[in-house]
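Subject: Structure for you to look at

Hi,

Here is the structure I promised to pass on. Have a look at it first, and then read on for what turned up.

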Amino acid sequence: MAIGIAISAPVGPVNVMAIQRALRFGFFNGLFAGAGAAIADALFAGAAAFGVSAVSQFISGHHMLIQAVGGVLLLVFGALTWRMHPHLDDGGGGGTGRLSGLLTAFAMTITNPGAALGSVALIGALGPLAPDGDDAAAAVMLVLGVIAGGVLWWVTVAGIATRLRDRATDAWLERINRIAGAALIVFGAVVLAQLAYALAR
């Protein structure tokens with residue numbers, strides 16, 4: 001569970017998005033955004049726990065392409081968030097909105113090589129506590145623990161943001177959207193700048 005929290009907690013694009021969606025649409029929309037990241041983190045943790053070295057090799061071998069896709073996605077999501085004009089009473093909080101948030105957060109996380117390598121590193125750091133490659137039950141327990149930790153984090157984030165939502169106005173939400181959109185654009189620009197620097201070296 002601690003690994004799940006450690007993977008989810010650093011302030012990044014999904015945290016920004018989960019807070020923004022919880023403020024705008026309510027608890028479950030924020031939670032679904034976090035769940036998208038948790039699913040991607042669970043896939044990374046599963047690959048590490050089951051000793052799927054091919055996944056790590058693929059990520060390492062294609063990290064620049066993955067980083068480029070992730071950076072562009074962040075810019076697009078940031079621009080779309082910036083342009084939104086939210087209203088507390090609009091109908092965007094239904095099932096479709098939740099699914100959209102989940103898929104968007106999943107795409108953000110699955111195209112983040114840092115999240116993948118971070119999961120592998122944290123599980124590798126367990127040393128003798130890490131499950132053996134042939135101990136499927138222990139590997140499953142580890143992945144379930146990572147999922148539980150991630151869900152606990154996202155429930156907390158969405159819950160706090162929802163409590164603040166009671167004080168929100170449309171103008172306040174628009175400012176939050178601008179801040180969230182700008183943050184996503186900055187994240188995307190940093191990712192692409194790092195990529196450009198690596199290519200120039």
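A quick definition before the tally: helices here are DSSP runs of H or I with at least four residues, strands are runs of E with at least two, and both are numbered from the N terminus. On that basis the protein has nine helices and zero strands. Read from the N terminus, the order of elements is α-α-α-α-α-α-α-α-α. Do keep in mind that this is a predicted model.

Some overall numbers next. The protein has 201 residues, and buried ones make up 39% of them. Its exposed surface comes to about 10,200 Å², with carbon and sulfur atoms supplying 71% of that. If you take the contacts with a separation of 6 or more, 90% of them are between residues 24 or more positions apart.

The largest pocket has a volume of about 590 Å³. It is lined by 29 residues, and the closest to its centre are Gly 12, Pro 13, Asn 112, Gly 114 and Ala 115. Quite a list of helices supplies at least two lining residues each: α1 (2-8), α2 (13-25), α3 (27-49), α5 (63-83), α6 (95-110), α7 (113-124) and α9 (170-200). Which of them gives the largest share of the lining? That is α7, with six residues. Sorted by class, the lining of this pocket has 15 nonpolar, 13 polar and one charged residues.

The second largest pocket holds about 240 Å³ of space. Its lining has 16 residues, and Arg 21, Thr 81, Met 84, Ser 100 and Thr 104 lie nearest its centre. Here α2, α5 and α6 each supply at least two lining residues. By class, the count for this lining is seven nonpolar, seven polar and two charged.

Then there is the packing. In soluble globular proteins, nonpolar side chains tend to be buried together. In this model, the largest nonpolar core has 15 residues, and Val 14, Met 17, Ala 18, Met 108, Trp 154 and Leu 184 are those with the most contacts inside it. At least two residues of this core come from each of α2, α3, α5, α6 and α8 (136-165). The biggest contribution is that of α3, with four residues. Another core lies apart from the largest one; it has 10 residues, among them Ala 42, Ala 49, Ile 123 and Val 146.

Ala 42 is worth a click while you are there. It sits in helix α3. Ala 42 counts as buried because its relative accessibility is 11%, and the cut-off for buried is under 20%. Beyond residues up to four places away in sequence, Ala 42 touches Val 143 and Ile 147. Its C-alpha atom is also separated by 8.9 Å from that of Ser 119, which is 77 residues apart from Ala 42 along the chain.

One is Ile 3, which is buried with a relative accessible area of 12%. Ile 3 and Gly 149 are 146 residues apart in sequence, yet their C-alpha atoms are 7.0 Å apart in space. The other is Ser 8. Buried or exposed? At a relative accessible area of 4%, Ser 8 is buried. Its contacts, again not counting residues up to four places away in sequence, are Asn 15, Asp 41, Gly 150, Trp 153 and Trp 154. Trp 154 is also on the list of residues with the most contacts inside the largest nonpolar core.

Last one: Gln 20, in helix α2. With 7% relative accessibility, Gln 20 counts as buried. Leaving out residues up to four places away in sequence, Gln 20 touches Thr 81, Met 84, Ile 176, Asn 177 and Ala 180. You have already met Thr 81 and Met 84, which are among the residues nearest the centre of the second largest pocket.

Cheers

Key: Residues are numbered from 1 along each chain as its sequence is written. This is a predicted model: local features need pLDDT of at least 70, side-chain atom pairs count only at pLDDT 80 or more; totals for chains, interfaces and linings use all residues. Side-chain values use heavy atoms; hydrogens and water are left out. On a 1 Å grid over the protein atoms alone, a cavity is a set of points where a 1.4 Å probe fits but cannot get out, and a pocket is an open set with protein on both sides within 12 Å along at least five of seven lines; lining residues have an atom within 4 Å of a point. Grid points are joined across faces, edges and corners, and a volume is the space filled by probe spheres set on the points. Ala, Val, Leu, Ile, Met, Phe, Trp, Tyr, Cys and Pro count as nonpolar, Asp, Glu, Lys and Arg as charged, and the others, Gly among them, as polar. Buried means under 20% relative accessible area, exposed over 50%, partly exposed in between (1.4 Å probe, protein chains only). Contact means heavy atoms within 4.5 Å. A nonpolar core is a set of buried Ala, Val, Leu, Ile, Met, Phe, Trp, Tyr and Cys residues joined through side-chain atoms within 4.5 Å. Accessible areas come from the Shrake-Rupley method with a 1.4 Å probe; for residues, only the protein chains shown count as cover.
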